[in-house]
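This briefing is intended for a reader who is new to the structure. The sequence and the model are shown first, and the notes follow by topic.

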Amino acid sequence: MEHQNGVDVEGSFIVVDRDTSLPYTTPPSTELQPELNATITSTYVEDDNQTIAIALDDESSWTLAGTRNIPKDATALQKELHSLLTPTKTFENWARTFRCIPDQYYTPTSEEEIIKIIHLARLSGKHVKPIGTGHSPSDLACTDGIMINTDKLNHLIRVDKKNLTVTVAAGMKLHRLHDHLELYDLAMSNLGSISDQSVAGVMATATHGTGAEYPSLCASILDLTLITAKGEKIYCSKTENVDIFNAAACSLGALGIITRMTLQCERAFRLENKQEPAKLGDVLNDLDNIIHSAEHVRLWWYPHTDNVVVWRANRTTKDITRPISSWSTSRWFIFHFYQGLLNVCRFIPSLIPTLSRFMFWATQSKPIERVDSSVNVFNFDCLFPQYVNEWSIPWSRTAEAIRALDLFIENGSVQVESGVGIDSNESHTQGIKTVKKETALKVHFPIEIRFVKKDDVWLSPAYGVDSCYIGIIMYRPYGKPVPYKRFWAGFEQIMASFEGRPHWAKAHSVTYEGLVQSYPKMEAFSEVRQKLDPEGMFLNSYLRRHLVPTSVPTSSS
Ligand SMILES: Cc1cc2nc3c(=O)[nH]c(=O)nc-3n(C[C@H](O)[C@H](O)[C@H](O)COP(=O)(O)OP(=O)(O)OC[C@H]3O[C@@H](n4cnc5c(N)ncnc54)[C@H](O)[C@@H]3O)c2cc1C
């Protein structure tokens, strides 16, 4: 199979979405006008997924050009798009930690409608922000311009059973993707903790799972289609528009709206999962072996204690066996009882270490084993809203970094070489810095430690480096605030000193100047961004902070 111009060429068929198939060119024309060396021998509706096929007598050289009419003034476009508009509403992320009021909120159903929204934005000088499910714990998805909800770009486009690939509309939620894949005996090779996000959302932020031989999810992208600030539809892959592809696979919505993606999958599989208690010192001393002790390994460390859960999972053909639920593993206990006690800790933080010890004893002090579908094992209940921060560092620095973090939590002070480009407060400056002795912190469990294979996606935090992600958390019982800023500042300082790169989805304080030093391809990414979006249509505050040099002024909507 060959790919050209964003349309799949399969045998002698070009397969395109019926209502999204028309790549935009200027000037617009009213009809699909293929310019083909070959002759179209027939067109027909291929299936219920609204695709049409065009049969050619020669697939070797062709282009497709054409659009439907696009009104040239904003009022006419606004009228045309009215049915896709939701009256102004507040957008809030999942954890309810960031919110914004977009100027306009559209839910398009096709690429063609997205192109019209982009034109409207250009005509009216608005910024544009695509969103998935708003799960990013930062202002990454926020805008005061036009917000594009991608919920209705959710159809299956193509499954290639031979090569184990799937092409989907990029707004599809992961859980829906899993349902489709199951029907074809396929599965994603790795997943993060949940499947509520959109496909484009997880790729845009280099969302990761765990596994020494398993890279971030965006490394599974084989090709994608992007609608740019000019309203152009660009197809890119590992062999076509390669720079755009390398930049777009993890692009934070900064290059345009991704409308479809082809992903590498594997045959559906079950995982045998064992989790067992261990001691932090033993784990850190034997980390190299532990990382490779199963296909997928993660650690949950209970700070203020030396308790760790070692979670391992391997592919298996064994029958499904699920552990019998007890009072301590029931959702009621963990969700309600734990949340209630965390709320008490808001007023008496000194109870936090005791609560952590108790919860470890109640839920994790005995080994747990099960066999289940890959999705059921990879995913788990993330309970209730939380502040989170997560960075990746090279595997080889993991033990040192965890020891430094332990010291910081217990002493309340950091003594490390600070990273560059961190911009949150005075203590984040370059060079050796000792923060004055402060009171110990009281922080929530778990500190999650996961391992990710290096990849070659330009903005992936695991670009070129086998990486360990360390994630910290402070729960917000009943959505209430808890103190977290001192913990965050010290954590970032420690991570930066271990060659850390922050997780893109999570709020962090590294400026472009800092990031450009740790991402070898940051400047190449900026070049692609400048070329595709010279006016900065897709920038928001987050992207201006982290993807644009401080000295470069950017327009605001
Ligand atoms: C409970 C919870 C668990 C999580 N677990 C993990 C985990 O295990 N591992 C991990 O790495 N991360 C994890 N995350 C982070 C999460 O995977 C990311 O925040 C992800 O981006 C969320 O996807 P979303 O669909 O909600 O995207 P959003 O938050 O809506 O958007 C994220 C980014 O994607 C861009 N985007 C969305 N759609 C498009 C599109 N069509 N075209 C171009 N850009 C687009 C947006 O503009 C934005 O920049 C978790 C988050 C939560 C809240």
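**The shell around the ligand**

Helix H4 makes the greatest contribution to the shell around the ligand, supplying four residues. Helices (H or I, at least four residues) and strands (E, at least two) are DSSP runs, numbered from the N terminus. The model is a predicted one: local features need pLDDT of at least 70 and side-chain atom pairs count only at pLDDT 80 or more, while totals for chains, interfaces and linings use all residues. Residues are numbered from 1 along each chain as its sequence is written.

- The ligand is surrounded by 33 residues, of which the closest are Gly-132, Gly-192, Gly-201, Gly-253 and Ala-505; a residue is near a molecule if its C-beta atom, placed from the backbone, lies within 6 Å of it.
- At least two residues of this shell come from each of strand E12 (128–131), helix H4 (199–204) and strand E20.
- By type, the shell comprises 16 nonpolar residues, 16 polar ones and one charged. Here Ala, Val, Leu, Ile, Met, Phe, Trp, Tyr, Cys and Pro count as nonpolar, Asp, Glu, Lys and Arg as charged, and the others, Gly among them, as polar.

**The five-stranded sheet**

- An open, antiparallel sheet is built from five strands in the order E14-E15-E20-E18-E19; two strands pair if DSSP finds at least two bridges between them.
- Strand E14 (156–160) and strand E19 (233–237) are the edge strands, each with a single partner, so one side of each has no neighbour in the sheet.
- From one strand to the next, the twist averages 10 degrees.
- Five bridges join strand E15 (residues 165–169) to strand E20 (residues 257–264) in the antiparallel sense, and Thr-167 has Thr-262 of E20 as its bridge partner.

**Residue Gln-275**

- Gln-275 lies in strand E22 (residues 270–279).
- Gln-275 counts as partly exposed because it has 18 C-beta neighbours inside 10 Å; a residue is buried with 20 or more other C-beta atoms within 10 Å of its own, exposed with 12 or fewer, and partly exposed in between, the C-beta atoms being placed from the backbone.
- Between Gln-275 and Arg-298, the C-alpha to C-alpha distance is 9.4 Å, with a separation of 23 residues in sequence.

**Helix H14**

- Phe-525, Val-528, Arg-529 and Leu-532 are buried in helix H14 (residues 522–532).
- These four residues span an arc of only 100 degrees around the axis, which places them on the same side of H14; the arc is that of the directions from the helix axis to the C-beta atoms.

Technical notes
Axes are lines fitted to C-alpha atoms, for helices over the stretch in contact, and angles run from 0 to 180 degrees between N-to-C directions.
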